[in-house]
Amino acid sequence: MTPSIIAIDGPAASGKSTLGLRLAGALGYLFFDTGVMYRAVTWLALQRGLDPRDEDAVTSLAEKTPIEVAPASTSDGRACDVSVEGQDITWETRLPHVEANVSVVSAYRGVRRALSDQQRRIGLRGKVVMVGRDIGTVVLPDADLKIYLDASAEQRATRRYHELLLRGANADYAEILAKVVERDRIDSTRDVAPLKAADDAIVIDSDALNADEVFKQALALCQ
Ligand code: CDP
């Protein structure tokens, strides 16, 4: 039987969103990228002039501001629409200053509780591919299929570098690599819901695989 709840976790820029989106498309499921919610809270905190290190203020913001995530309404390269208080902030959540602070914000217990509860409610409806860091371990520990998508930091930085160039943005490989490594360090060493593969996750190492090959392997696991 095709798994109904599919969790994909893994480190920064390992191709989780690309895989998740394709898998959801092939199965006719909802694609839900949980990373955008942490990015949205981070963007909002910075926008309001809050210090991302102010745990109480950021947590209270996460608790009282609903973040809307919906299937992409425009084909401008986005995987989904992200909005807050009626404002589309999809591309704002990808800005470098948001990315530089998101791991600090997402280590806060209260922020995680607020966002994980919303994610769990959506995930438990089924027919969903949910992507993040703690989906198979914390958000949906009973997921029918858990994939942990891994790759070396160098390979991931190379992919993010090309992604940025394609989007016409400025990109510096060494800087991207350093940021990816730092984000992974914070994400995997935090006390609450650290990044790690669930015991029952199937690990796919994509170092030697292209996006098509990763997709084929994951689809085979569903069939
Ligand atoms: O796309 P990329 O892998 O670069 O990052 P993302 O999935 O958008 O996640 C951004 C950040 O949000 C991560 O570095 C984590 O700090 C945090 N995150 C998390 O803590 N838990 C999740 N389930 C998803 C993201």
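**Figure 1. Packing of helices α4 and α8 in the predicted model.** Helices α4 (residues 96-105) and α8 (173-189) are roughly parallel to each other, because angles under 35 degrees count as roughly parallel, over 145 as roughly antiparallel, 65 to 115 as roughly perpendicular and the rest as oblique. Their axes lie 9 Å apart at an angle of about 20°; axes are lines fitted to C-alpha atoms, for helices over the stretch in contact, and angles run from 0 to 180 degrees between N-to-C directions. The crossing of α4 and α8 is left-handed, a term for a near helix turned anticlockwise from the far one by less than a right angle, with right-handed for clockwise. Contact (heavy atoms within 4.5 Å) joins Glu-99, Val-102 and Ser-103 of α4 to Arg-183, Ile-186 and Asp-187 of α8. Two nonpolar, one polar and three charged residues make up this contact (nonpolar: Ala, Val, Leu, Ile, Met, Phe, Trp, Tyr, Cys and Pro; charged: Asp, Glu, Lys and Arg; polar: the others, Gly among them). The model is predicted: local features need pLDDT of at least 70, side-chain atom pairs count only at pLDDT 80 or more, and totals for chains, interfaces and linings use all residues. Residues are numbered from 1 along each chain as its sequence is written, and side-chain values use heavy atoms, with hydrogens and water left out.

Figure 2. Val-98, Asn-101, Val-102, Ser-103, Val-104 and Val-105 are the buried residues of α4, where buried means under 20% relative accessible area, exposed over 50% and partly exposed in between (1.4 Å probe, protein chains only). Among the elements covering them are α2 (35-47), α3 (55-64), α5 (109-123) and α8. Helices (H or I, at least four residues) and strands (E, at least two) are DSSP runs, numbered from the N terminus.

**Figure 3. Packing of helices α7 and α8.** The axes of α7 (residues 153-166) and α8 come within 9 Å and cross at roughly 125°. Helix α7 is therefore oblique to α8, and the crossing is right-handed. Residues of α7 in the contact include Tyr-161 and Leu-164, while those of α8 include Ile-176, Leu-177 and Arg-183. The contact comprises nine nonpolar, one polar and five charged residues.

**Figure 4. The open sheet β3-β4-β5.** Three strands in this order form an antiparallel sheet, with β3 (67-71) and β5 (87-88) as edge strands that each pair on one side only. Pairing requires at least two bridges found by DSSP between two strands. Strand β4 (residues 80-84) is joined to β5 by two bridges, and Asp-88 in β5 is the bridge partner of Ser-83.
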